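Biologist: Please take a close look at the loop backbone. I would like the peptide bonds and the phi angles.

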Amino acid sequence: MTKAALPPAGWTNPLRDERDKRMPRIAGPCGLVVFGVTGDLSRHKLMPAVYDLANRGLLSPSFSLVGFGRRDWDDAGFADFVRDCVQAKARTPFREETFARLAQGMRFVQGAFDEDASFERIADALRGLDEDRGTGGNYAFYLSVPPKDFPVVFKHLSATGLAHPPEGSWRRAVVEKPFGHDLESAIELNGVIKEVFDERSIFRIDHYLGKETVQNILALRFANQLFEPIWNAHYVDHVQITMAEDIGLGGRAGYYDGIGAARDVIQNHLLQLLALVAMEEPVSFAAHEVTTEKTKVLSAAKLSYPLDETTARGQYARGWQGGQEVCGLLEEEGFASDSTTETFAAITVEVDSRRWAGVPFYLRTGKRLGRRVTEIALVFKRAPHLPFDEAMTEELGQNALVIRVQPDEGVTLRFGSKVPGSAMRVRDVNMDFNYGQAFTESSPEAYERLILDVLLGEPSLFPVTDEVELSWKILDPVLEHWGAGGAPEQYPSGGWGPKSATEMLARSGRTWRRP
């Protein structure tokens with residue numbers, strides 16, 4: 001393919017009307033450079049997502065993909081690797097013609113993070129793509145590598161000029177969580193990145209924010225007059241945000257040991273979900289407007305004290321999962337027999353605002369729990385029930401609005417209804433909305449949406465510096481408290497966490513939902 005046959009730099013779909021949101025946004029000429037391209041994230045998520053975007057016609061004909069790693073591959077060997085990833089994990093059907101077009105822009109650069117010559121080879125590859133493919137000098141650098149490697153990569157991107165685009169072009173950095181280990185390290189890490197890229201060019205990936213059901217929180221709240229009037233402390237008793245997994249940590253000791261459930265999930269995923277649930281209506285859905293409202297919530301969020309009573313942590317022990325006996329964390333390969341890494345974490349957060357004063361937000365996450373589920377539940381205050389006696393309503397719980405993030409994506413509304421029969425008895429019933437049944441088109445994977453937004457320069461789904469640092473400011477006191485408190489409480493695999501988590505809510509007369 002010659003350069004003359006390709007669209008010019010800055011190309012956009014000429015048939016697209018910016019006012020018509022039904023028309024897809026298509027990335028212009030550009031390339032994606034992936035550091036850590038042979039890792040699990042790349043193999044299972046990034047490479048399939050790139051293919052799915054190409055298969056849906058959302059990438060420019062000149063899109064190029066550059067892999068960087070130590071493998072002794074040429075471009076064809078890299079293309080074979082990508083093909084294997086795509087055929088194993090892609091969401092959309094495999095089409096040979098789609099992959100062939102994508103493979104024309106695939107390049108592999110062999111090297112190491114600490115070698116100047118390696119980054120010079122990347123620069124040579126990008127110059128060649130600009131000439132051969134017409135990518136226009138537009139590149140995103142995706143760091144699918146451990147955070148400890150960020151400084152050296154950014155240092156070389158700066159030293160070789162790769163981070164500095166030619167006039168009229170762009171360069172962007174994409175980094176995966178965790179964004180630091182605590183507030184101090186997050187500030188240091190943000191400083192390292194900002195020495196090379198400005199804030200508008202930094203995209204911090206939180207894949208939960210790319211899920212359709214997470215984005216639907218804003219639609220549910222602000223497009224429907226039905227919910228907004230009761231979305232406040234006058235009607236909401238409390239909010240539960242749960243991310244439960246039924247898998248253990250076998251084989252992940254290198255990443256997880258010393259990190260734990262709170263750092264891995266609460267600091268990013270769950271506090272971001274809290275911000276979306278609790279934020280005020282933005283002026284528009286422009287990135288800076290949404291970010292402003294989320295930042296206000298995180299600024300107003302505070303821990304509930306005393307931490308001995310308002311937080312809980314645990315570590316899964318031997319038990320039964322899916323009909324099979326499974327080992328505990330301390331028996332997993334790679335974990336020390338005295339490891340204090342928590343696999344279950346729960347905290348209580350309050351939001352000091354007029355809308356939410358007095359409403360506790362309970363956040364919990366854990367491994368080896370009863371089932372895999374992520375949900376947000378707004379549990380409403382009880383009605384006075386003046387016309388009913390206790391016998392009529394003894395089967396009635398509290399009304400709840402449950403947003404199911406995964407799996408079985410959708411929304412459930414729980415309310416009371418009369419039981420058929422001659423007596424007046426009221427009990428809970430559910431009204432369900434399910435994405436899979438309501439829409440014919442399947443939802444794209446989160447990484448599809450997020451990678452496309454990076455290439456489009458659309459930052460609304462990416463946490464900014466203030467959000468990251470405010471989240472650590474909330475969580476740090478909990479981590480310090482737990483660090484001085486000895487080993488986590490053991491809980492049996494296949495259950496719903498430690499006894500202390502149940503007691504945490506029982507003190508206020510509440511109970512955790514069983515999803």
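**Loop backbone**

Modeller: P306 sits in the loop between β8 (301-303) and α11 (307-310). Helices (H or I, at least four residues) and strands (E, at least two) are DSSP runs, numbered from the N terminus. This is a predicted model, where local features need pLDDT of at least 70, side-chain atom pairs count only at pLDDT 80 or more, and totals for chains, interfaces and linings use all residues. Residues are numbered from 1 along each chain as its sequence is written, and side-chain values use heavy atoms, leaving out hydrogens and water.

Start with the peptide bonds. Y305 to P306 is cis, with omega near 0°. Q406 and P407 are also joined by a cis peptide bond, with omega about -20°. P407 belongs to the loop between β15 (400-406) and β16 (410-418).

That loop between β15 and β16 also holds D408. D408 is not a glycine, yet its phi is positive, about 50°. D408 counts as partly exposed because its relative accessibility is 46%. The cut-offs are under 20% relative accessible area for buried, over 50% for exposed, and in between for partly exposed (1.4 Å probe, protein chains only).

Now R368. It lies in the loop between β13 (360-366) and β14 (373-380). R368 is another non-glycine with a positive phi, about 55°. At 14% relative accessibility, R368 is buried.

Why single these out? Most residues other than glycine have a negative phi, and most peptide bonds are trans.
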